[in-house]
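User: I have a new model open and want to go through it with you. Can we start with how you sort residues by accessibility?
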Amino acid sequence: MATPGFVTPEAPFESSKPPIFEGLSPTVYSNPEGFKEKFLRKTRENPVVPIGFLCTAAVLTNGLYCFHQGNSQCSRLMMHTQIAAQGFTVAAILLGLAATAMKSPP
């Protein structure tokens with residue numbers, strides 16, 4: 001029967017290096033992507049999402065303007081149009097994710 005006690009590791013742990021797991025290697029990014037580069041890359045991959053976002057923002061702005069002016073019919077129409085634009089944007093995001101998942105290698 002083994003006696004419980006302190007077990008010494010084979011090699012001491014070095015806090016300056018990342019831990020090494022069997023089958024995994026740490027990825028080092030030499031050129032991290034900035035916000036502008038990432039935004040442009042994502043827009044090229046799925047250009048429909050920014051279009052849907054801009055349409056949603058434009059309809060919201062117009063709806064708020066109509067509401068401020070007291071035009072309730074236009075304001076109500078803009079609320080319904082905003083819901084449709086948001087649905088379009090969400091559908092574009094989901095279709096883009098599905099297309100990316102089908103493109104990527106297993």
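Analyst: Buried means under 20% relative accessible area, exposed means over 50%, and partly exposed covers what is in between. Keep in mind that this is a predicted model.

User: OK, take T89 then. Buried or exposed?
Analyst: T89 has a relative accessibility of 11%, which is under the 20% cut-off, so T89 counts as buried.

User: Where is T89, and what does T89 touch?
Analyst: T89 sits in helix α3. Setting aside residues up to four places away in sequence, T89 touches V49, G52, F53 and T56.

User: Back up a bit. How many helices and strands does the chain have?
Analyst: The protein chain has 3 helices and 0 strands. Along the sequence the pattern reads α-α-α.

User: And how much of the chain is buried?
Analyst: Of its 106 residues, 13% count as buried. T89 is one of the buried residues.

User: How far is A85 from L54?
Analyst: The two C-alpha atoms are 9.3 Å apart in space, while A85 and L54 are 31 residues apart in sequence.

User: What about M79, how accessible is that one?
Analyst: M79 is in helix α3 as well. Its relative accessible area is 47%, so M79 is partly exposed.

User: Changing topic. Where does UniProt put the transmembrane regions?
Analyst: The UniProt entry, which is unreviewed, places the feature "transmembrane region" at residues 48–67 and 79–102.

User: What does the model show for those spans?
Analyst: Residues 48–67 are 100% helix and 0% strand, and the end C-alpha atoms lie 28 Å apart. Residues 79–102 are likewise 100% helix and 0% strand, with the end C-alpha atoms 35 Å apart.

User: Next, pockets. How do you find empty space in a model?
Analyst: Rolling a probe the size of a water molecule over the atoms shows where empty space is left.

User: And how much space is in the largest pocket here?
Analyst: About 400 Å³ lies in the largest pocket.

User: What lines the largest pocket?
Analyst: The lining consists of 13 residues, and K42, T43, E45, N46 and V49 lie nearest the centre of the pocket.

User: How does the lining split by class?
Analyst: There are 6 nonpolar, 4 polar and 3 charged residues in the lining of the largest pocket.

User: Last topic, aromatics. How many aromatic pairs are there?
Analyst: The structure holds 1 aromatic pair. The ring centres of F35 and F39 are 6.2 Å apart and the planes are at 20°, so the pair is stacked.

User: Where are F35 and F39?
Analyst: Both lie in helix α1, 4 residues apart, about one turn of the helix.

User: How accessible are the two of them?
Analyst: F35 counts as exposed because its relative accessibility is 71%. F39 has a relative accessibility of 46%, so F39 counts as partly exposed.

Conventions:
Residues are numbered from 1 along each chain as its sequence is written. This is a predicted model: local features need pLDDT of at least 70, side-chain atom pairs count only at pLDDT 80 or more; totals for chains, interfaces and linings use all residues. Side-chain values use heavy atoms; hydrogens and water are left out. UniProt positions are given in the numbering used here, feature names are shortened, and annotations may be inferred rather than shown by experiment. Helices (H or I, at least four residues) and strands (E, at least two) are DSSP runs, numbered from the N terminus. On a 1 Å grid over the protein atoms alone, a cavity is a set of points where a 1.4 Å probe fits but cannot get out, and a pocket is an open set with protein on both sides within 12 Å along at least five of seven lines; lining residues have an atom within 4 Å of a point. Grid points are joined across faces, edges and corners, and a volume is the space filled by probe spheres set on the points. Ala, Val, Leu, Ile, Met, Phe, Trp, Tyr, Cys and Pro count as nonpolar, Asp, Glu, Lys and Arg as charged, and the others, Gly among them, as polar. Buried means under 20% relative accessible area, exposed over 50%, partly exposed in between (1.4 Å probe, protein chains only). Contact means heavy atoms within 4.5 Å. Rings of Phe, Tyr and Trp (its six-membered ring) pair if their centres lie within 6.5 Å; planes under 30 degrees apart count as stacked, over 60 as edge-to-face and the rest as tilted.
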